[in-house]
Amino acid sequence: MITRDYIEKFGVLPTPFYFYDLDVLKSTLEVLKKESVKTGFKIHYALKANPNPRILGMISSSGFGADCVSWNEIEAAIRSGFNPSEIVFAGVGKSDHEIRSAVESDIFCFNCESIPEMEVINHFAGLQNKRVRIALRINPLIEAHTHKYITTGVAESKFGINTWDIDEVLNRLPDLKNLILIGIHFHVGSQITRLSVFKSLCTRINELQEWFASRNAGLKVINVGGGLAIDYENPENFPKFGEYFSLLKKFVDLRPGQELHVEPGRSVVGQCGSLISRVLYIKNGSNTRFAILDAGMTDLIRPALYQAHHKIQNLTSTGELNRYDVVGPVCESSDTFARYIELPETKRGDLIAIRSAGAYGEAMASRYNLRDLPRVVFSDEL
Ligand code: LLP
């Protein structure tokens with residue numbers, strides 16, 4: 001919650017900065033923990049959503065594992081207290097160096113996406129005289145009903161192994177003596193608002209389980225990936241962990257001894273972060289008024305890249321409502337946070353909060369235009 005108290009304290013701080021409300025994160029983690037204990041599901045937090053060390057520290061202390069997509073993420077996870085035995089390494093293009101280092105670290109599992117990748121992992125595991133655990137990332141061919149850039153589980157996607165190729169993968173496995181197949185992995189997409197999409201995934205998983213059983217391939221881990229949406233319109237709302245976990249519990253037919261793993265990212269950290277900025281100038285266009293902020297697409301790229309909607313609040317003004325295009329200072333027309341939105345009468349110096357920015361905000365910041373990376377302020381520092 002961005003309370004009056006916080007707003008007064010923001011007043012003296014240089015902008016732009018990410019503000020992380022640690023109470024919100026703590027409550028989110030408590031709900032998630034409760035659901036994971038209730039269902040017995042294992043959580044691997046998807047670091048890509050936000051690898052800020054303090055945030056990682058709180059998540060690892062909650063007893064969750066980590067889903068990493070680069071060696072640097074694995075290192076960051078280990079530094080922040082995640083146990084290597086609870087780290088999975090995913091990604092369609094793992095480099096030799098990354099594979100070698102991950103084998104050395106004895107991580108829990110490599111999520112593999114192709115035979116050539118499995119061959120390279122097998123090679124590096126062999127050089128270290130190890131047998132490493134792998135799961136096959138399978139393309140579930142399910143429409144996620146979200147933005148196309150964050151839809152992953154459809155035909156002709158670079159992600160995952162197509163169902164018609166799994167047979168070939170299993171035929172090849174006996175030659176790859178340094179790999180142990182322990183499970184299957186899926187990820188349909190991100191910011192999935194319709195729970196029916198996850199229900200379709202459950203059906204697909206059950207079909208594939210039959211197929212794997214017919215091939216006598218024992219699977220210990222069923223990993224459903226991430227993707228649960230957050231409510232960008234209402235930043236105070238918690239993600240629907242309860243409904244999501246109940247649905248998985250009800251519709252995935254786990255076999256004896258099997259574990260279900262989930263990899264949430266956005267839903268864990270999205271609502272605890274806001275990008276706080278100041279208005280530099282108000283400029284009249286021909287039909288609109290621009291509120292030009294000192295934060296731009298380099299701080300939060302989601303609106304420019306995915307036409308994403310983040311709620312924007314003027315924390316200073318209580319004036320009459322007016323229409324504004326809220327834009328950043330970067331030399332690109334796409335550097336626009338929102339068009340034609342209502343804000344109270346806005347002027348130079350007003351504080352603006354761009355909400356629900358805890359996931360894929362700071363993590364995707366860049367130095368384009370040689371701008372500084374955004375600063376970070378935690379609620380317990382104020
Ligand atoms: N597991 C895998 C294999 C993934 O690829 C992802 C996200 C996750 C888990 C976590 O998904 P989440 O629970 O956060 O939806 N930058 C984009 C989102 C990219 C998501 C990539 N994969 C955005 O700002 O919307």
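**Ground rules.** I am working with a predicted model, where local features need pLDDT of at least 70, side-chain atom pairs count only at pLDDT 80 or more, and totals for chains, interfaces and linings use all residues. Residues are numbered from 1 along each chain as its sequence is written, and side-chain values use heavy atoms, with hydrogens and water left out.

**Ligand site.** For my classes, Ala, Val, Leu, Ile, Met, Phe, Trp, Tyr, Cys and Pro are nonpolar, Asp, Glu, Lys and Arg are charged, and the others, Gly among them, are polar.

**Close atoms.** Next I checked polar side-chain atoms against the ligand. R302 has one 2.6 Å from a ligand oxygen. Y360 also places one 2.6 Å from an oxygen of the ligand. D67 has one 3.4 Å from a ligand nitrogen. The protein covers 91% of the 590 Å² of accessible area that the ligand has on its own (Shrake-Rupley method, 1.4 Å probe).

**Cavity.** I then searched a 1 Å grid over the protein atoms alone for sets of points where a 1.4 Å probe fits but cannot get out, with lining residues having an atom within 4 Å of a point. V88, F108, C109, N111, A135, V221, N223 and H261 line the largest cavity: 5 nonpolar, 3 polar and no charged. Strands β5 (109–112) and β8 (221–223) each supply at least two of its lining residues (strands are DSSP E runs of at least two residues, helices H or I runs of at least four, numbered from the N terminus).

**Backbone.** Most residues other than glycine have a negative phi, and most peptide bonds are trans. I noted a cis bond from T15 to P16, with omega near 0 degrees. P16 is in the loop between α1 (4–10) and β1 (17–20). D106, not a glycine, has a positive phi of about 55 degrees, and D106 lies in the loop between α5 (96–104) and β5.

Technical notes
Polar contact = N/O pair within 3.5 Å; in protein donor to acceptor, adjacent residues only side chain to side chain. 1 Å grid on protein atoms, 1.4 Å probe; cavity = no way out; pocket = protein on both sides within 12 Å on 5 of 7 lines; lining within 4 Å.
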